[in-house]
Amino acid sequence: MTLARRMQQIKPSPTMAMAAQVKALSEKGIDIVDFGIGEPDFRSPDVASEAAHRAIQDGHTKYTPASGTDELKEAIIHKLKADHHLDYNKREVIVSCGAKHTLYNIAQVLFDPQDEVIIPAPYWVSYPDQVLLNDARPVFIETREEDQFLLTPSQLKKAITSRTKAIILNYPCNPTGSTYTAKQLEGLSDLLIETPLWIISDEIYEKFVYDDVVHTSIASLGGPLKKKTILVNGVSKSYAMTGWRIGYAAGNQEVIEAMGTVQSQCTSNPSSISQKAAAAALREGGSFVQTMIREFSDRRDLMVKGLNAIPGIKCPRPLGSFYVFPNVKALIGTTYNGHKIGSSLHLAAFLLEQGWVSTIPGEAFGVAGYLRLSFATSKERLMTGLQKIKEAILMLSHG
Ligand SMILES: *Cc1c(COP(=O)(O)O)cnc(C)c1O
């Protein structure tokens, strides 16, 4: 008796594995400062929680249409119009159990065996495995730190073959915090317009942009781009609603309806109660988002400054998301008690065991030599953690 072959190709999400390790240490009574967190530390907005209470009281506790309620679709359509001047109808929108599920549904309906799917690296941990789970081939393009980890048109051009089916873009990016300007997106889309590729655009961090950065969706750039793009978003990050599991996609009706068919066979609808809460958040959660972003902006400054004050760490200032992605290459090759720190993977293990801080090594995102640190934690904890990292790193010997 054996498992399917595809199970040999995939692994559990490394960020979730790190979370389990942190939990195990915490249960032993060790105080770990957790920079691994992939969700906002804010409580979900009251408007969402109240809508959920009302939903239960009013009996909205039954199946909904598989692809989501009209009420939530309307709130999504309104949001996409207000934020991006994009027009969609209800048949072009689907609600799923989190954006991760949305992305999985997309992979199910678009990918055939041997199809190539372009994924710029560093990438979010689930993209390659979702492609592999659908028997297609991830094709990685390693972006460069000196390009702010953004894909360049010439890199993209070289990667496209007759087998390329889609490209997955994520901006603002988890893990790098980089994001494309409208002009940079145009550089990519000029090329993409010429091809039969689908563009899967994961914009879940859209609201987490700082300074004067404006988020532009590639779908809004005009011409055929809207038809080629499956726009993915959700309420998990923007509204601190990770546990409610609501994500959505908007795009080509044939693709969206196919996703609805898959969903109707796999899970039926996302939670009726969560859909009520998400609709309320999208309609009335604007000021909540603003408060959260102001706080995150301050934390970002604190993190960048604190990390750059530690010898061997070089931390660019991210324009978006709630992660920093410092270069730690200067620390690779150092030793601790005779043990060599041979990679960023080792460095993260060292920081956890000796410094009691959890970080995610770049290897999890396809690039060694970096760490991802989340600033979705209070300023006090961030300061404590930065101090702990500094003390741990000062224990390393060079040469
Ligand atoms: C968190 C995250 C998601 C998934 O979010 P859900 O909780 O499933 O809605 C998708 N893409 C990226 C890049 C993420 O960081």
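## About the model

This is a predicted model, in which local features need pLDDT of at least 70 and side-chain atom pairs count only at pLDDT 80 or more, while totals for chains, interfaces and linings use all residues. Residues are numbered from 1 along each chain as its sequence is written, and side-chain values use heavy atoms, with hydrogens and water left out.

An N or O atom in the side chain of Asn174 is 2.9 Å from a ligand oxygen, and a polar side-chain atom of Ser236 lies 2.7 Å from an oxygen atom of the ligand. The protein covers 94% of the 380 Å² of accessible area that the ligand has on its own (Shrake-Rupley method, 1.4 Å probe).

There are 13 residues around the ligand, each with a heavy atom within 4 Å of it. Ala99, Asp202, Tyr205, Ser236 and Lys237 come nearest.

Now look at H9, residues 253–266. Helices here are DSSP runs of H or I with at least four residues, and strands are E runs of at least two, numbered from the N terminus. H9 has 14 residues and reaches 20 Å from its first C-alpha to its last, close to the 20 Å expected at 1.5 Å a residue (1.5 Å times one less than the number of residues).

Which residues of H9 are buried? They are Val255, Ile256, Met259, Gly260, Val262 and Gln263, where buried means under 20% relative accessible area and exposed over 50%, with a 1.4 Å probe and protein chains only. The face turned away carries the exposed Glu254 and Gln265. Among the elements covering the buried residues are strand E2 (93–96) and helix H4 (99–110).

## The ends of H9

At the N-terminal end, Asn252 caps H9, with a side-chain oxygen 2.8 Å from the backbone nitrogen of Glu254. After H9 comes Ser268, whose phi is positive, near 60 degrees.

## Gln130 in helix H5

Gln130 lies in helix H5 (residues 126–133) and is buried, with a relative accessible area of 9%. Leaving aside neighbours within four places in sequence, Gln130 is in contact (heavy atoms within 4.5 Å) with Lys100, Leu103, Tyr104 and Ala107.

Conventions:
A polar contact is a pair of N or O atoms within 3.5 Å; within protein, one must be able to donate a hydrogen and the other to accept it, and residues adjacent in sequence count only if both atoms are side-chain atoms.
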